[in-house]
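Please examine the sequence and the model displayed below. The report that accompanies them is arranged by topic.

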Amino acid sequence: MSRTPNTDERRAQIAAALLAVMAKRGYEGAAIVDIAAKARLAPGLVHYHFDTKLEILEAATQMLGAEHERVLDAALAKAKTATAALDAFIDVHLGLGAHADADRLACWVQIAGEAIRHASVRNEYAVVIGRLAKRAERTIRRGITDGEFSCDNPAAAGAAIAATIQGYFVMAAAARELIPRGSAAASMRAMLGGLVHAVRPKARAR
């Protein structure tokens, strides 16, 4: 099947429509006709670009991952040191206001659930989470190189950061009231202190 010039734009439009419907009705409740209506397209055009709803979910997972990376890139670009970058990394995910888009957060948690059920979604989910863990690991390794941190296993620390963030995401979406306001980022830093240790500057000899 030949691709029309606006294929990528249409696919993104449909993926965004699925996210909008998912936020209100859940993935199971998101019918193709509803997705098409949200995208202001005919259902047949949705089927032209995607064979199944699951394929739309895979594209939506990629979309959310790319959106998040842009936000993270902007925050880390302002950090002058590895310590500041690690703080920014935590604040982007767990700081006050980090979950302002409750609809996007709800969709991400649903995607995690579908990743358990479907290998194709799991693959896309793993890519996003893998990048998140690697970004944390690279930040830690930068701090080690620059003499700011010591860490026995940066890869494990990066994975722990990603896992903790995902756990907070689930709680924030399903039981936000269980997380004391303003505690997530501070608790993450305290827990991370057991894996990544700040190195005190050596005193200069007189």
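## Basis of the model

This is a predicted model, in which local features need pLDDT of at least 70 and side-chain atom pairs count only at pLDDT 80 or more, while totals for chains, interfaces and linings use all residues. Residues are numbered from 1 along each chain as its sequence is written, and side-chain values use heavy atoms, with hydrogens and water left out.

Helices (H or I, at least four residues) and strands (E, at least two) are DSSP runs numbered from the N terminus. Relative accessible area is computed with a 1.4 Å probe on protein chains only: buried means under 20%, exposed over 50%, and partly exposed in between.

## Nonpolar core

A nonpolar core is a set of buried Ala, Val, Leu, Ile, Met, Phe, Trp, Tyr and Cys residues joined through side-chain atoms within 4.5 Å. The largest such core contains 62 residues, and those with the most contacts inside it are Leu18, Ile35, Ile56, Phe89, Trp108, Ile111 and Ile161. Two or more residues are contributed to this core by each of α1, α2 (32-39), α4 (53-77), α5, α6, α7, α8 (154-174) and α9.

Ile56 illustrates the contacts (heavy atoms within 4.5 Å). Leaving aside residues up to four places away in sequence, Ile56 touches Ile14, Ala15, Leu18, Ile32, Ile35, Val46 and Phe50.

## Salt bridges between helices

Side chains of opposite charge can pair when their charged atoms come close. A salt bridge is defined here as a side-chain nitrogen of Lys or Arg within 4 Å of a carboxyl oxygen of Asp or Glu. The whole structure holds 13 salt bridges.

In one of them, Lys24 pairs with Asp103, with 3.6 Å between the closest N and O atoms. This pair links distant parts of the chain, as Lys24 belongs to helix α1 (residues 7-25) and Asp103 to helix α6 (residues 102-117), 79 residues apart. Lys24 is exposed because its relative accessible area is 64%, whereas Asp103, at 35%, is partly exposed. Another salt bridge joins Asp87 and Arg189, whose closest N and O atoms are 3.0 Å apart. Asp87 is in helix α5 (residues 82-94) and Arg189 in helix α9, so this pair ties together parts that are 102 residues apart in sequence. Both partners are partly exposed, Asp87 at 31% relative accessibility and Arg189 at 29%.

Lys134 and Glu137 meet through their side chains in a salt bridge with an N to O distance of 3.2 Å. The two residues lie 3 residues apart in helix α7 (residues 119-145), about one turn of the helix. Lys134 is partly exposed at 46%, but Glu137 counts as buried because its relative accessibility is 9%.

## Cysteines

The structure has 0 disulfides, a disulfide being a pair of cysteine sulfur atoms within 2.5 Å. Cys107 is buried, with 0% relative accessibility, and Cys151 is also buried, with a relative accessible area of 14%.

Met191 counts as partly exposed because its relative accessibility is 47%. Apart from residues up to four places away in sequence, Met191 touches Thr164 and Tyr168. The C-alpha atoms of Met191 and Ile161 are 9.3 Å apart, with 30 residues separating the two along the chain.
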